[in-house]
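Look at the structure below before reading on. This report walks through some of its helices, strands and contacts.

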Amino acid sequence: MPPNVQPMTPLTLTAYTLVTANGRGVGPVFQALRERRSGLKPCDFEDIPLKTCIGRVEGLEDFSLGNELEKFDCRNNRLAWLGLQQDGFMVAVAEAKQRYGTHRIAVVMGTSTSGILETEQAYRARDPRTDFLPTWYTSRYRYTHNMFSLGDFVRTCLGLQGPAMVISTACSSSAKVFTTAARLLQVGLCDAVIVGGVDSLCLTTLYGFSALQLLSASPCRPCDEDRDGLSLGEAAGFALLESSERVSRRGSVALLGYGESTDGYHMSHPHPEGAGAIHAIRDSLGRAGLRPEEIEYVNLHGTATRANDSVEDKAVYSIFGARPACSSTKGWTGHTLGAAGITEALISALCLTHGLIPGTLNCRRVDASLRSRILRENQIGSLACVVSNIFGFGGNNCSLVLGKLS
Amino acid sequence: MKVAIHGIGLLAPGLAGWDASRTVLAGLRLFQPGAVPDPEAVLLPPNERRRSSDSVRWAVEVAQEAIGQSDLDPREVATVFASSGGEMGVFDQLCRALATPERVISPTLFHQSVHNTAAGYWGIATTCQQSSTALSCYDDSFAAGLLEAITFVCVEQRPVLLVAYDLAVPAPLSEARPITTGFAVALVLAPPSASSLASMHLRLEEAHQEDTSSLQDLALERVRLDNPAARSLPILRAIATGGSHRVTLSLLDSQQLVLDLDPCRN
């Protein structure tokens, strides 16, 4: 079935930055990829006794945002701030402001749980007599837990005045930001978009995935025959997107296509045949104007749950066969939920830039029932086109095609 | 950018559906906010309805009303769900449980806590596999949702169902976010065509002083200011009144949506 979409103008990632459990900035993140060093460790977050591993970003506990940003203070925004400081990102945004003006740059962020950790802590500090929440919390809810907090915070930090919103479609949130950004740029409502995603550890997701019996006790093992669940992580990533017709350097990484779909099947189980995933991947190729044979690497959603990896394999195999290399990078970062889209898009950008296909970390023996070509060891060699898949709760799917501009 | 409005859904105390509310919105009948509605959302499979939160049922109720007017197959319509806070009632239950020493939470409650819960249930109820986005922009969530929906229609040249909803926030979270009246609205938007309810032209401008969005009816104006989804009321009033109208909606402190509404068949 041909995709029902038109090819799009590529969007250049003029600048980007990423913080994960592997380190602050794209340098340390890429080094960990190359050296196959995982950021996952036994859970040491708050007082949580769950037997699981997490990809915690170090240093967020003792951290101050400074007076002007104090009202935004919460783990999620601290992580966002840390991300904004890396890789010269603020300088690149300042240059874009010079080029276009503050009203012509949009901010589209993704997160799944925003600053919910503040609400969890506030509920523990309720007045036992009146049930009231503490005022340190109620006066700052808007700037911490509310779903728009991250968008407000990033817009404030960067001094931008264009359209802004936070997309929250569970795990696909910060993949979807690219699609909204692409549309805003195409209709000319702005000249550049800051896309990004930040999700941080909290009790809700740790106990929630534990209740769903989806947490592994050991570091997650995507595509492994003995995989037994995911590891949660946290991350912040940002990219400055501009039309390649305006900013185009040979070898720059660009968003070539995107595809979105839903399963319409179940809130937390994927469609058994991967129907939604297939639809998203096909549309991403259609917008990129590429045939499946032109994709060299598929960065899998690869959460390491039994169901996800097996259904995703069906979808990927049905489109690509066993030709492109496939791997999941969740073994490095953990599943960063609402930040997974931007994390894996930017990891894909690093792979394109440096000519590296990461082999699936922690995958000791590939599940024999998977038919795609799952890579276990890193592979060096030039790379031109990558597909990155993200699927989430509510059956929300998004695939992105990234490539190098020629 | 121009789109056609093919269907409208509405639910709030005193505003029980679009057709029943038109005379109130047009100022021909007094707005009397009565009992809080308890919508059935009949489209939801019984199992899902039993488990679903109030906000899911409110969102699905207005979505099915709007789609019903449009003659479109819901499986062909992409969705944009806009809500300031999402599942505030679920957060209350989750955070209460997480504040106990046992910290036992139900897996169902957990997957119902995501911002795209209503979007997900709509997809399950209709088996729709089109794109679906859920977003927030605090008090301007409706304006941001409208921007996303119109942009989608113009770029993809396909219809979109926009649903904006926020429910009354339960105590003690209401101290943090005092929304006292539930409100849900849905618009089916599509590329311009003659057979629609109205057409809507959008321009995005830098904010300036002129604000035409307040309502004369003071009780309705209180609802508009109370609930982010009710910021849609000036659009609904314009369509209910008939004739051509300009409505401005603020988008954050720096920009505004300027919307020119024109009737088609009414």
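Predicted model: local features only at pLDDT ≥ 70, side-chain atom pairs only at ≥ 80, totals over all residues.

## A covered helix in chain A

Helix 6 of chain A spans residues 149-158 and is mostly covered, with 9 of its 10 residues buried. Among the buried ones are S149(A), L150(A), G151(A) and D152(A). F153(A), V154(A), R155(A), C157(A) and L158(A) are buried too. What do these buried residues pack against? Two helices of chain A are involved, helix 2 (75-84) and helix 3 (89-100). Strand 5 (105-110), strand 6 and strand 7 (192-199) of chain A are also packing partners.

Chain A holds an open sheet of 3 strands, in the order 3-4-8, with mixed pairing. Strand 3 (41-42) and strand 8 (232-233) of chain A are at the edges; each has a single partner strand, so one side of each lacks a neighbour in the sheet. Strand 4 of chain A, residues 53-55, runs parallel to strand 8 of chain A, and 2 bridges join them. In this pairing, I54(A) is opposite L232(A).

## A covered strand in chain B

Now turn to strand 3 of chain B, residues 78-82. Here 5 of 5 residues are buried. Both faces are covered. A78(B), V80(B) and A82(B) lie on one side, while T79(B) and F81(B) lie on the other. Strands of a sheet pair through backbone hydrogen bonds, either parallel or antiparallel.

| Strands | Sense | Bridges |
|---|---|---|
| Strand 3 of chain B and strand 5 (160-166) of chain B | parallel | 5 bridges |
| Strand 3 of chain B and strand 4 of chain B | parallel | 4 bridges |
| Strand 6 (164-167) of chain A and strand 4 of chain B | antiparallel | 2 bridges |

A82(B) is opposite A164(B) in strand 5 of chain B. T79(B) is opposite S132(B) in strand 4 of chain B. Across the two chains, I167(A) has L135(B) as its bridge partner in strand 4 of chain B.

## Where the chains meet

Chain B puts 56 residues in contact with 55 residues of chain A. Several elements of chain B each supply at least two residues to its side of this contact, including helix 4 (88-98), helix 6 (117-126) and strand 7 (198-206). Helix 7 of chain B gives the largest share, 7 residues. By class, this side of chain B has 28 nonpolar, 22 polar and 6 charged residues.

## The nonpolar core

How many residues are in the largest nonpolar core? There are 238, and V193(A) and L162(B) have the most contacts inside it. Helix 7 of chain B gives the most to this core, with 9 residues. V193(A) touches I105(A), A106(A), V108(A), A181(A), L184(A), L185(A) and L241(A), leaving aside residues up to four places away in sequence.

Methods:
Residues numbered from 1 in each chain as written. Chains lettered and ligands numbered in written order. Contact = placed C-beta atoms within 7 Å. Nonpolar A, V, L, I, M, F, W, Y, C, P; charged D, E, K, R; others polar. Pairing = 2+ DSSP bridges. Core = buried A, V, L, I, M, F, W, Y, C linked by C-beta atoms within 7 Å. Buried ≥ 20, exposed ≤ 12 C-beta atoms within 10 Å, placed from the backbone.
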